[in-house]
Structures are given as C-alpha cells and as structure tokens.
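I opened my notebook and went through this one feature by feature. Here is what I looked up, in the order I went.

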Amino acid sequence: MSLEGDFDDHFALYAPTGYARDALYLFTPDVMALLIDETGDLDVEVIGDRLTIYAPALFDLRNPAVWERLEQIVRLFGAKAIDQAENYSDPRAAGTDSNVAPAARRLEQGFLSRASVHRWWVLIVAIVVGSIFVTIAGMVGSVLLGL
C-alpha cells in the first residue's frame with residue numbers, strides 16, 4: 001500500500017486485504033519519519049511482534065558502533081511501535097480471545113516466503129550434492145578405466 005510523504009521511496013508496506021486503515025493506525029507519520037531517519041539505508045521487516053533488520057552488506061558485528069545503532073533502532077522504533085499498538089484492537093476479532101482477527105495475522109505467502117525459501121534451499125543443496133556425486137563418480141570411472 002502507498003503511504004504519504006517520501007516513505008514509499010524508502011519502504012514498501014504490505015497489509016492484508018481490508019487492513020489498510022489498520023496499517024495507517026500503526027504507521028503514523030511520526031513512526032514513518034522515525035523509520036526513514038533511523039533505518040533508511042536498511043531493510044526492515046515487521047511481522048507480528050518481530051522486528052528484523054537487513055543490510056545490503058554484512059553487518060560488522062565486531063564493531064561496537066553497529067551494535068549501538070541496532071540497539072538504538074530497536075529502542076526507538078520499539079517504543080514508538082508499542083505506543084501505537086498498545087490500544088489497537090481489530091473489531092473483526094470480536095468474540096475471539098485475540099485482539100487481531102485470523103485473517104489479519106499473516107499475509108498470503110508468496111514465491112519467496114520463508115517456507116518456499118526453505119524448499120528452494122533443499123532443492124539447491126540436492127542439486128549441488130548430486131553434481132558433486134556425478135563428478136566424483138566420473139573421476140573414479142576415468143581412473144578405473146585408465147583414461
């Protein structure tokens with residue numbers, strides 16, 4: 001979904017069908033500004049209560065400044081997100097023991113969802129192992145045949 005200001009230049013926001021208004025409740029202009037200021041050069045993923053931060057290059061985890069920056073992002077964004085979400089309640093969840101309706105808990109999984117990525121890794125590993133086996137078998141066959 002598209003948001004105001006230059007947020008779309010930095011991030012893409014996805015919400016389940018019918019939950020655009022709910023996303024706007026959580027991603028207010030001050031939350032968006034905070035994300036742009038603190039994580040504009042990073043990729044941020046918020047799923048449920050989990051915040052995942054990705055970088056185009058590997059983080060140098062030996063550098064204390066990297067840890068300080070990650071801690072600051074979690075502290076600032078976490079506090080703001082908790083403030084925004086604290087009073088959120090999904091009216092479609094009425095009569096359940098949750099404050100979020102089942103339809104809003106997860107987006108439909110796409111091509112590169114966690115489950116499909118796992119399947120792709122299994123396929124890639126199988127191809128690599130198979131290729132190594134064929135290569136070794138060919139080398140052994142060549143030695144045995146004296147080629």
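**Entry 1: the layout.** I read along the sequence and found the protein chain follows the pattern α-α-α-β-β-α-α. That comes to five helices and two strands. Helices (H or I, at least four residues) and strands (E, at least two) are DSSP runs, numbered from the N terminus.

Ground rules I noted: this is a predicted model, where local features need pLDDT of at least 70, side-chain atom pairs count only at pLDDT 80 or more, and totals for chains, interfaces and linings use all residues. Residues are numbered from 1 along each chain as its sequence is written, and side-chain values use heavy atoms, with hydrogens and water left out.

Entry 2: Buried means under 20% relative accessible area, exposed over 50%, and partly exposed in between (1.4 Å probe, protein chains only). The accessible surface of the protein chain is about 11000 Å², with 62% of that belonging to carbon and sulfur atoms. I wrote down that these areas come from the Shrake-Rupley method with a 1.4 Å probe, and that for residues only the protein chains shown count as cover.

I looked at contacts too (heavy atoms within 4.5 Å). Among contacts between residues at least 6 apart in sequence, 53% join residues at least 24 apart.

**Entry 3: the cores.** Which residues make up the largest nonpolar core? I listed twelve: Leu-3, Phe-7, Phe-11, Leu-13, Ala-23, Phe-27, Val-31, Met-32, Leu-34, Leu-35, Ile-36 and Phe-77. Helix α3 (residues 29–39) gives the most to this core, with five residues. Apart from this core lies another, of five residues, among them Leu-42, Ile-53, Leu-70 and Ile-73. A nonpolar core here is a set of buried Ala, Val, Leu, Ile, Met, Phe, Trp, Tyr and Cys residues joined through side-chain atoms within 4.5 Å.

I clicked on Leu-3 and saw that it touches Asp-8, Leu-13, Leu-24 and Met-32, leaving out residues up to four places away in sequence.

**Entry 4: helix α3.** I checked which α3 residues are buried and got Val-31, Met-32, Leu-34, Leu-35, Ile-36, Glu-38 and Thr-39. These buried residues pack against α1 (7–10), α2, β1 (43–47) and α4 (64–85).

**Entry 5: helix α4.** At 1.5 Å a residue, the 22 residues of α4 should span 32 Å, and the end C-alpha atoms are 31 Å apart, which agrees. The expected span is 1.5 Å times one less than the number of residues in the helix. Buried in α4 are Val-66, Leu-70, Ile-73, Phe-77 and Gln-84. Their cover includes α2, α3, β1 and β2 (50–54).

Entry 6: Is Asp-22 buried or exposed? Asp-22 counts as buried because its relative accessible area is 13%. I found Asp-22 in helix α2 (residues 20–26). Not counting residues up to four places away in sequence, Asp-22 touches Tyr-88 and Arg-92.

**Entry 7: salt bridges.** Side chains of opposite charge can pair when their charged atoms come close. The rule for a salt bridge is a side-chain nitrogen of Lys or Arg within 4 Å of a carboxyl oxygen of Asp or Glu. By this rule I counted four salt bridges.

- Lys-80 and Asp-30 meet at 2.8 Å, N to O. The pair links distant parts of the chain, with Lys-80 in helix α4 and Asp-30 in helix α3, 50 residues apart. Lys-80 is partly exposed at 27%, and Asp-30 is partly exposed at 35%.
- Asp-60 pairs with Arg-62, with the closest N and O atoms 3.2 Å apart. Asp-60 is partly exposed at 32%, while Arg-62 is exposed at 76%.
- Arg-75 and Glu-71 meet at 4.0 Å, N to O. They are separated by about one helical turn because they sit four residues apart in helix α4. Arg-75 is partly exposed at 47%, and Glu-71 is exposed at 53%.

Entry 8: I picked out Val-140, which is found in helix α5 (residues 114–145). Val-140 is partly exposed, with a relative accessible area of 44%.
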